[in-house]
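Hi,

Here is the structure I promised to pass on. Have a look at it first, and my notes follow below.

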Amino acid sequence: MHFISDPAQWAQYLFQHASLGDSRRVKRLITLSATLAAHTGKSVPQANQSAADIEAAYRFIRNDAISANAIAEAGFMATKQEALAFNTLLALEDTSSLNFSHKGVNDELGHITSYQSSRGFQAHSVLLYAPIEKQVVGLIEQTLWTRDIATKGISKEATKRPYQEKESFKWERASRQVAARLGSHMPHVISVCDREADLIEYLQYKLGHQQRFVVRSMISRHIEEADSKLHLYGRSLQSAGERQVDVVQKGGRKARTAICDVRFTPVTLKMPSNKEGQSTELYYVSCIERGRDDGLCWHLLTSEPVITKEQALTTLGWYEKRWLIEDFHKSWKTGGTQVEALRLQSKSNLERMITIQAFIAVRIQQLRHLGLQKELSGKQSCETLLGPKAWKLLWLKVEKSKPPKEAPSVHWAYLSLGKLAGWHDSKRTGIVGWERLWEGWFMLQTILEGYELALSLEHEM
């Protein structure tokens with residue numbers, strides 16, 4: 001997480017090696033991304049102070065000679081350099097849609113929902129996370145695509161297309177891209193995927209290339225053991241012990257702590273009758289809530305040997321970190337960079353801005369995740385996150401007293417940024433939401449800029 005607290009140094013580190021065909025374009029990319037990172041969630045005109053800067057930013061965004069893929073690749077390679085320092089990495093994967101159903105660009109984009117008027121991109125992202133160090137490392141892969149509007153609603157034809165032409169091939173494509181970037185470090189990486197990745201072709205690709213994975217099972221597949229089906233067989237196993245899982249509040253569902261039974265066993269998946277190939281040997285781990293038919297229920301398939309309760313709990317712990325990729329998509333789409341609020345008038349312009357904002361969203365998540373780790377951030381000085389002037393100004397605004405000689409903790413800064421934006425811990429969770437956190441961050445930058453301006457005017461006088 002090099003220079004995470006300094007937008008200019010962060011942008012320099014991330015994009016300095018971008019292959020854009022002209023060093024001036026690279027310089028502009030660094031300037032634009034640093035400016036947007038310092039003013040998270042703001043539009044280009046809101047983030048830039050002068051008309052000249054705004055015009056320069058739009059020239060970059062509208063330049064069709066600049067490839068969004070080249071911007072992304074620079075960021076991926078910077079993430080690779082960070083990743084090499086970790087012995088265990090989770091490659092957290094998920095797909096999300098970006099909704100740009102506004103006039104102007106609408107006709108260039110593809111369908112994203114069942115509603116005829118909805119248009120946008122599909123995005124498949126892979127976020128690296130170091131579970132031992134509890135650190136969000138960075139974005140190592142992301143693919144954007146648009147669906148052909150003419151194919152809307154023709155799902156019945158999907159099974160007739162070759163696997164490589166199906167949208168579901170995205171899981172294998174992502175693994176190929178990640179392996180190409182990480183090279184010899186790939187054995188340290190475990191792909192963690194939800195039920196959509198439960199594809200026999202994907203599982204066999206991962207096993208055939210000795211790539212590690214944890215995939216949540218969607219289909220109760222036929223297995224050779226007891227000539228049974230996976231989920232039924234898994235439930236019949238003796239419990240190896242219990243595990244508590246915190247279920248977050250969502251919609252009408254209340255937050256609760258689920259008490260679950262843990263089970264595990266080697267299994268052999270039979271090849272589906274409409275596929276060709278051999279049976280697939282791997283390991284099964286389940287985490288099923290006691291006493292609730294509608295409770296938490298995870299059936300996991302993994303390449304990792306699971307022959308002890310400790311190995312089963314480790315595997316479940318890895319899967320439980322999948323919320324981070326969902327959190328990333330939220331910070332990218334609505335909670336942080338608010339990329340879906342962009343109103344650019346062409347698909348290619350959108351792609352360039354979407355790509356830059358994806359890496360800014362990662363930076364946002366890194367900062368927020370650091371604040372959430374109370375056991376780590378409670379011991380770490382906030383000067384790793386905020387400069388001496390910034391944290392002292394934050395203290396004056398929030399604590400309304402003289403700042404101490406020693407800088408307080410990162411966790412204090414995390415909570416104080418929320419308080420600066422009007423956050424109150426009414427639910428007693430200690431968790432600052434995206435909007436309040438980044439509103440507080442922006443307010444602090446404004447206060448700091450005003451302080452620096454006042455000092456410069458004083459010196460001139």
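Predicted model: local features only at pLDDT ≥ 70, side-chain atom pairs only at ≥ 80, totals over all residues.

As for the inside, 51% of the 461 residues count as buried.

On overall shape, the C-alpha atoms fill a box of roughly 85 × 50 × 45 Å along the principal axes. The protein is built with 15 helices and 10 strands. Its radius of gyration is 24 Å, close to the 23 Å that the globule rule gives for 461 residues, so the protein is as compact as a globular protein of that length. I also looked at contacts between residues at least 6 apart in sequence: 63% of these join residues at least 24 apart.

Helix α1 (residues 7-15) packs against helix α5 (residues 68-83) at an angle of about 100 degrees, and their axes are 7 Å apart. With 65 to 115 degrees counting as roughly perpendicular, that angle makes α1 roughly perpendicular to α5. On the α1 side, the contact is made by Tyr-13, Leu-14 and Phe-15. From α5 come Ile-71, Ala-74, Gly-75, Ala-78, Gln-81 and Glu-82. Sorted by class, this contact of α1 with α5 has 6 nonpolar, 2 polar and 1 charged residues.

That's what I have for now.

Cheers

Conventions
Residues numbered from 1 in each chain as written. Heavy atoms only, no water. Axes fitted to C-alpha atoms, helices over the stretch in contact; angles between N-to-C directions. Helix = DSSP H or I, 4+ residues; strand = E, 2+ residues; numbered from the N terminus. Parallel < 35°, antiparallel > 145°, perpendicular 65-115°, else oblique. Contact = heavy atoms within 4.5 Å. Nonpolar A, V, L, I, M, F, W, Y, C, P; charged D, E, K, R; others polar. Rg over C-alpha atoms; globule rule 2.2 N^0.38 Å. Buried < 20%, exposed > 50% of the residue type's maximum accessible area, 1.4 Å probe, protein only.
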